[in-house]
Amino acid sequence: MVSVPRLVVAAPASGSGKTTVATGLMAAFAGRGLAVSPHKVGPDYIDPGYHALATGRPGRNLDAYMCGPGLIAPLFTHGASGCDLAVVEGVMGLYDGASGQGELASTAQVSKLLRAPVVLVVDASSQSRSVAALVHGFASWDPEVRIGGVILNKVASDRHESLLREALDESGLPVLGVLRRAPQVATPSRHLGLVPVAERQTDAVEAVRAMGDRVREGCDLDALLALARSAPGLSGETWAPQAYPSPGARPVVAVAGGAAFTFAYAEHAELLTAAGAEVVVFDPLRDEKLPAGTAGLVIGGGFPEVYAPELSANEPLRRAVTDLARSGAPVAAECAGLLYLARELDGRPMCGVLDASARMSERLTLGYRQAVAVSDSVLAVAGTRLRGHEFHRTVLEPGAGATPAWGLHQPERRVEGFVQRGVHASYLHTHWAAEPGVARRFVEQCRG
């Protein structure tokens with residue numbers, strides 16, 4: 001039995017202020033000297049960066065679609081081990097999940113799997129007494145979801161606050177905080193959401209500090225902490241990457257980082273390390289060489305389209321990546337990594353490992369995917385089934401090589417990605433905790 005005080009921060013809809021409140025709570029409680037474990041429901045990579053900045057600990061994702069409901073509590077207790085408090089930011093509206101899959105991957109489902117009380121963040125900017133009906137509906141929709149209180153966001157004035165509190169007195173749910181409108185705390189967005197922390201370090205630090213100040217001033221932290229401590233213990237095993245000790249040297253696995261490649265799940269590096277690799281992070285915007293002794297390369301997601309001129313201008317590193325791939329060394333690339341390995345991106349030369357051209361598009365490709373490995377690769381044997389997520393505004397032509405990486409079965413059937421020699425490149429984001437054999441196979445391939 002694991003006892004971790006915890007809260008889930010949810011909302012009726014996107015745009016209500018979940019990120020502001022969740023990040024602010026993390027910063028405020030960390031400012032009190034508590035060890036705070038940050039978590040995010042769903043596949044989002046960007047919010048966890050702000051969570052990590054607020055807490056000083058890795059932001060971790062809880063995705064019941066990609067990892068399966070059975071892994072949610074084990075992954076949570078792994079991340080929250082040794083912490084005084086865990087704050088889980090929800091996704092979309094409280095009851096919104098994978099399309100056509102009922103409650104799967106919703107914040108509501110995750111709250112039930114974690115047996116965690118929910119704090120509902122309500123955008124009160126255009127309502128008064130109606131807020132009570134809204135809150136009542138959300139609180140009564142699923143009796144297994146325990147809504148422990150409400151935080152009112154975007155409140156206009158003392159009079160507005162009084163009307164809202166009077167209405168909510170009838171709901172039986174306590175008001176745990178009131179936040180006034182404060183546009184100065186807003187974080188900038190662009191085509192795929194918030195701008196990642198790595199791209200705006202100084203401004204991000206200030207934004208997180210401001211969120212913490214707002215929450216500290218507007219919320220009852222003692223009541224919120226008491227609510228978190230009311231969560232019962234969680235039974236079951238804690239997730240941990242299984243170690244595979246090897247008598248040989250630890251192969252160096254270079255992992256792309258920096259501002260252009262910010263999308264990564266913390267468990268991936270942990271799995272690679274447990275499988276026997278020495279994980280070394282490098283920055284393709286600044287480093288002209290791969291880390292010494294690189295035996296394998298992992299290039300995750302991010303925003304190469306924003307940094308295409310800088311990535312293209314770093315010719316020495318592009319040549320090094322191309323040479324490594326042509327040598328047959330294992331290379332795993334997701335989304336941004338796929339574009340970086342292409343011949344060109346928006347007309348600018350990239351690594352040229354793949355005979356494909358990428359460009360920005362007006363169309364957003366977004367959603368969960370069911371995938372099966374089409375052929376043997378450095379990540380999986382043919383027939384391996386995984387669930388993943390696509391999230392991009394780029395188009396790659398062609399979208400698949402002579403040997404595709406994946407056959408996708410949702411929402412439509414198609415093949416996607418490239419497998420050639422040691423390269424596995426695809427738009428699909430995957431969570432390796434769902435299939436730990438992926439990391440183990442990759443490191444074994446690095447050993448040759």
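Reader: Ground rules before we start?
Author: This is a predicted model, where local features need pLDDT of at least 70 and side-chain atom pairs count only at pLDDT 80 or more, while totals for chains, interfaces and linings use all residues. Residues are numbered from 1 along each chain as its sequence is written, and side-chain values use heavy atoms, with hydrogens and water left out.

Reader: In what order do the seven strands of the open sheet run?
Author: The order is 3-2-4-1-5-6-7, with parallel pairing. Strands here are DSSP runs of E with at least two residues, and helices are runs of H or I with at least four, numbered from the N terminus. Two strands pair if DSSP finds at least two bridges between them.

Reader: Why are strand 3 and strand 7 said to stand at the edges?
Author: Strand 3 (60-62) and strand 7 (175-180) each have a single partner strand, so one side of each has no neighbour in the sheet. On average, neighbouring strands of this sheet are turned by 25 degrees against each other, direction ignored. The axes behind such angles are lines fitted to C-alpha atoms, for helices over the stretch in contact, and angles run from 0 to 180 degrees between N-to-C directions.

Reader: What makes strand 6 and strand 7 a pair?
Author: Strand 6 (residues 147-155) and strand 7 share four bridges in the parallel sense, and the rule asks for at least two. So they count as paired. Val-150 sits opposite Val-175 of strand 7.

Reader: Which strands does helix 2 touch?
Author: Helix 2 (residues 47-55) packs on the sheet against strand 2 (36-41), strand 3 and strand 4 (85-89), and its direction makes about 170 degrees with that of strand 2. Touching means contact, that is, heavy atoms within 4.5 Å. Helix 8 (residues 221-229) also packs on the sheet, touching strands that include strand 1 (6-10) and strand 5 (118-123), at about 110 degrees to the direction of strand 1.

Reader: What about the sheet of six strands?
Author: That one is open too, ordered 11-10-12-13-21-20, with mixed pairing. Strand 11 (278-282) and strand 20 (418-420) are at its edges, since each has a single partner strand. The twist averages 15 degrees from one strand to the next. Strand 13 (residues 331-334) and strand 21 (residues 423-426) pair in the parallel sense over four bridges, and Ala-332 stands opposite His-424.

Reader: Why is Lys-18 called buried?
Author: Its relative accessible area is 7%. Buried means under 20%, exposed over 50% and partly exposed in between, with a 1.4 Å probe and protein chains only. Lys-18 is in helix 1 (residues 18-31), and its contacts beyond four places in sequence include Val-9, Glu-89, Met-92 and Val-121.

Reader: Is Ser-111 buried or exposed?
Author: Ser-111 has 2% relative accessibility, so it counts as buried. This residue lies in helix 4 (residues 107-114). Beyond four places in sequence, Ser-111 touches Val-8, Ala-116, Val-118 and Val-145.

Reader: What makes a nonpolar core here?
Author: A nonpolar core is a set of buried Ala, Val, Leu, Ile, Met, Phe, Trp, Tyr and Cys residues joined through side-chain atoms within 4.5 Å. The largest has 109 residues, and Phe-442 is one of those touching the most other members. Helix 1 gives the most to this core, with seven residues. A second, separate core of 38 residues includes Ala-254, Leu-311, Ala-325 and Ala-425.

Reader: Which residues of helix 13 are buried?
Author: They are Gly-437, Val-438, Ala-439, Phe-442, Val-443 and Cys-446. These pack against strand 10, helix 9 (266-274), strand 12, strand 13 and strand 17 (385-397). Just after helix 13, Gly-448 takes a positive phi of about 80 degrees.

Reader: How do you know that Cys-351 is in no disulfide?
Author: A disulfide is a pair of cysteine sulfur atoms within 2.5 Å. The nearest cysteine sulfur to that of Cys-351 belongs to Cys-335 and is 15 Å away. The disulfide count comes to zero. Cys-351 is buried at 7% relative accessibility, and Cys-219 is buried at 9%.
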